[in-house]
Amino acid sequence: MQNLRKDYSKNALLEEYLADDPFIQFQHWFSQAVEEKVLEPNAMILSTRTTEGVDSRTVLLKGVENGQFIFFTNYNSHKGQQLLNDPHCSLLFLWLQEERQVIVRGQVKKLNEAASETYFKTRPRGSQIGAWVSEQSKPIANRGELENRLKVLNERFEEKDVPRPKHWGGFSVFPYEIEFWQGRSNRLHDRILYSKGEKGWTYARLQP
Ligand SMILES: Cc1cc2nc3c(=O)[nH]c(=O)nc-3n(C[C@H](O)[C@H](O)[C@H](O)COP(=O)(O)O)c2cc1C
């Protein structure tokens with residue numbers, strides 16, 4: 001492990017090419033990650049606060065619009081309950097092929113029901129039924145029990161549209177900071193931190 005050492009030299013993040021709006025900068029980097037065929041470029045580590053400390057897991061970004069980063073989950077899951085108790089969170093994108101990292105710090109709000117409904121309708125039927133099958137984050141005796149539940153729910157919804165369970169929907173993250181990190185040579189990386197103030201977004205360079 002100690003011998004694993006990679007020098008980063010693919011790219012640079014210089015002020016002269018930065019967008020004033022971090023969402024435009026994000027879209028720019030996200031498009032490049034897609035073009036470069038980064039595996040699951042919309043996968044992000046969502047960190048939340050708990051009553052005891054912190055928690056993290058991966059979720060998929062499903063939209064960036066009107067100053068919000070949107071993802072979907074089960075509101076009764078650990079993360080769902082943690083966010084409903086305390087909206088502070090961070091999102092972390094790690095695009096290793098690009099030698100890039102983006103960290104979003106903000107607070108969540110539940111996405112409105114209509115938007116969750118619209119997105120749920122676009123999901124494959126299997127995923128729609130899956131949202132009913134899994135009481136996400138709760139223990140279950142064995143795999144067989146999950147498969148049995150799937151069977152029961154497949155029968156229940158046979159030849160019917162699968163409605164959205166009320167406990168399943170989106171969260172919008174409203175950021176107050178977004179940091180862009182570009183790996184550079186000799187560990188002298190580029191870090192640009194955008195912060196939201198009363199007059200909108202401004203940015204500053206941070207030491208690596
Ligand atoms: C690549 C990847 C994508 C995932 N996307 C989602 C997602 O969009 N929503 C979700 O609820 N869980 C997603 N998961 C599963 C979560 O990481 C996690 O296991 C689950 O949501 C339960 O988390 P919790 O117990 O902290 O609530 C994903 C996992 C991986 C590895």
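**From one threonine to the core**

Threonine 48 touches Val54, Asp55, Lys79, Gln82, Leu83 and Cys89, leaving aside residues up to four places away in sequence. The model is a predicted one. Threonine 48 sits in strand β1, which covers residues 43-49. Is threonine 48 buried or exposed? Threonine 48 has 21 other C-beta atoms within 10 Å, and 20 or more count as buried, so this residue is buried. Now look back along the chain to proline 22. Threonine 48 and proline 22 are 26 residues apart in sequence. In space, the two lie 22 Å apart, C-alpha to C-alpha.

Proline 22 leads to the next element. Helix α1 spans residues 22-35, 14 residues in total. From its first C-alpha to its last, α1 reaches 20 Å. That is close to the 20 Å expected at 1.5 Å a residue. Which residues of α1 are buried? They are Pro22, Gln25, Phe26, Trp29 and Ala33. Seen down the axis of α1, these buried residues fall within an arc of 100°, so they line one face of the helix. The spacing has a simple background. An α-helix has 3.6 residues a turn, so residues three or four places apart point the same way.

The face directed away from the buried side carries the exposed residues Ile24, Ser31, Val34 and Glu35. What covers the buried residues of α1? The cover includes strands β3 (63-65), β5 (88-95) and β6 (100-110). It also includes β7 (168-182), β8 (190-197) and β9 (200-206).

After α1 comes lysine 37, whose phi is positive. Lysine 37 lies in the loop between α1 and β1. Its phi is near 60°, in a residue other than glycine. Most residues other than glycine have a negative phi. Lysine 37 has 8 other C-beta atoms within 10 Å; 12 or fewer count as exposed, so lysine 37 is exposed.

Asparagine 66 also has a positive phi, about 45°, although it is not a glycine. This residue is found in the loop between β3 and β4. With 9 other C-beta atoms within 10 Å, asparagine 66 is exposed.

Next, the core. The largest nonpolar core has 24 residues. Leu91, Val102, Val104, Phe171 and Val173 have the most contacts inside it. The elements that give two or more residues to this core are α1, β1, β4, β5, β6 and β7. Which element gives the most? β7 does, with 5 residues. In general, nonpolar side chains tend to be buried together in soluble globular proteins. Take valine 104 as a close-up. Valine 104 touches Phe69, Ser90, Leu91, Val173, Pro175 and Ile178, not counting residues up to four places away in sequence.

Methods
Residues numbered from 1 in each chain as written. Predicted model: local features only at pLDDT ≥ 70, side-chain atom pairs only at ≥ 80, totals over all residues. Helix = DSSP H or I, 4+ residues; strand = E, 2+ residues; numbered from the N terminus. Contact = placed C-beta atoms within 7 Å. Expected span 1.5 Å × (residues − 1). Arc of directions from axis to C-beta. Core = buried A, V, L, I, M, F, W, Y, C linked by C-beta atoms within 7 Å.
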